Amino acid sequence: MARKIVKFIMALADCNVNRIDALIRAGLNRHAGINGMLELLDRANKGLYKPKDYTDEEMLRGVLFLCLGGSRVADLAHRRSSAVTCVSPCARTPTQLEIRDNIQEVFKGTNLDGNYGYVLMIDELKLEERPRWDDKTNRILGLCREHTKTTELEFCSIEVAKTILQKILDKKIHWASEASVFSFGILSGERHEYGSRPFVISGTCKREKANPHADLIQNVIEACNKEAKMIGPPMYCVASDGESRRGSALIILTHKRLLSPSSAIFPLLSDLCLMNLLVGDHDLTADKDYKHVIKRLRNLLLRKMGTMINGVHITPALLRFHLKENKVSQMRLDYLLNPHDRQNVPLCYSLLKEVWSLPDPSPSDTPSFVIARQALQLLGSLFRHIVIPFIQINLSLSDQLAHLSAAAHLATFIYTVNGARSKALAVLTFRDIVLLVKNAYFCVAKTKVSVPDGKFWIILLGTDRLESTFGLVRSMIGTDQNADLLQLSTRLSHAVECLNIFEKKPEWDRGPKRLRLPAIEDGNGDILAKVDHISPSSWKGNVEVATVSLLTSWNRGREMVESQAQGIIDLLADLDEKGYDMTFPFVGTRGSTKKMEETTREEKKNAGCS
């Protein structure tokens, strides 16, 4: 008996079972002897038994956890540590020291796979416009970075606060209406590695021009390069939504020079006809979030001026007529073409799918109907090739790249045929499609070089992971609530801390149990809202980069669309013969960033909308 008791005590010391007191209490309630206790303990260690006998004290503590949240809960649980992540907000334009300190905070204690690259994600979040005092830095937060360079923000006396207030009343400085957030997005398939890790938080009044914004991004990139050993993985690209100012800034940073023949990825990309090979420092490229591109394509169908597709003027009324001819009900048409719901991603998917599902015209249809239907089918084909790679979970990486190549070739034809330009696709929409496709190919090439036997998930590109973190931040204080700059930094710090904890203890985060993705649409033809939850673990297709030939996928995509419209083969061949590419379809010299920016400004002016 004594030996068994000693064995039980040693087992208690070695076990890793939560709430061991509840296990012992359950055994005593069953009148279990020492053998029964050892059996319960052994089952619990194997994960076969979990004690569920909660005391009144545990139930009350759980209610406090639910109601309080924050640091008081950490104190109450006796688990608070001085090593808790703290991402400090920047009172002015972020400095190298501030950025590097935050990088060290975000990655301390982590052990990430250094082979896979990462995306530098940038996005904005709405703020509550109010001042806050940061006790750690003794600075006043909540002001814009654009106009506070000559304003004292250290709270030395009440005169500092009065001066700030007077400058705000005189409109010399402004409250920060939004926060620019920079975040790491590791391109790994591990759930607790690919989560968003915000590390720069800076207030903005949205009056910043492209060049100063490019300087800000460059400053962050340089800080990341200096902390490369701390971060681990290399930076592959900089991702943004469809915001035009940042788009211009990224063009400045990622279109500096042609890809060098000495680059390790040059042999994989140099033979892709019409592919733009301009890159930034360290072969950096720009990326655009695919969901924002999809939203813009739906908005293209809703704009009153319509769109010119291969010489055919497509208006919302004409689109409605053809969808109705395809037996789409009036109620569903009103839902799909609702101009006031522009941020609903599943709705965007559903409308684009209705367009690409339009059947061929019948022999009895009038010539005008046939011409319009063919133009809509051409546009629908573009929609399909852009959407399918991100939501059809059975596609292989080669198939995804082929669809993206088809989208880029088709968008180039639609944009350039008959000199349509912004009459067909808004200039920013066209540019974002091309950048999205180009970046996907570059990132796969980089992965093939750095991790030849690795995997690559295209769905991890863009800024979607950062926006998911924003949703988590809002839920910390109630549905769709905004935070001020200090609150935002605290909550983003908590989000990073949770990610780091789950990396160390993955068994604590089970994820959603009922999320299944058997199909991409329901019985009514609507794209399911579950497309917002597709992750590497739910992707079924083969995404091993060793099985991918970039040249083969690129050519397959071109072949997919060559029969879509008359003249597409000749047009693409003519562009290549002139030395043009998809990014510069009207510019005689490849690499003319300045010329592209001038063309972009002129087309935006002529279009009148994006």
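**View 1. Glu124 and Arg245, a buried pair.** At 11% relative accessibility, Glu124 counts as buried (under 20% relative accessible area, with exposed over 50% and partly exposed in between; 1.4 Å probe, protein chains only). Arg245 is buried too, at 9%. Glu124 and Arg245 form a salt bridge, with their closest N and O atoms 3.7 Å apart. A salt bridge here is a side-chain nitrogen of Lys or Arg within 4 Å of a carboxyl oxygen of Asp or Glu. This is a predicted model: local features need pLDDT of at least 70, side-chain atom pairs count only at pLDDT 80 or more, and totals for chains, interfaces and linings use all residues. Residues are numbered from 1 along each chain as its sequence is written, and side-chain values use heavy atoms, leaving out hydrogens and water.

**View 2. Asp281 and Lys256, a pair between loops.** The two side chains meet in a salt bridge, 2.9 Å from N to O. Asp281 lies in the loop between β8 (278-279) and β9 (285-288) and Lys256 in the loop between α10 and β7 (257-258), so the pair ties together parts 25 residues apart in sequence. Helices (H or I, at least four residues) and strands (E, at least two) are DSSP runs, numbered from the N terminus. Asp281 is partly exposed, at 37%. Lys256 is partly exposed as well, at 41%.

**View 3. A salt-bridge network.** Salt bridges that share partners join Glu124, Arg145, Glu178, Lys206, Glu208, Asp241, Glu243, Arg245 and Arg246 into one network.

**View 4. Glu227 and Arg100.** Their side chains meet in a salt bridge, 2.8 Å from N to O. Glu227 is buried, at 7% relative accessible area. Arg100 is partly exposed, at 29%.
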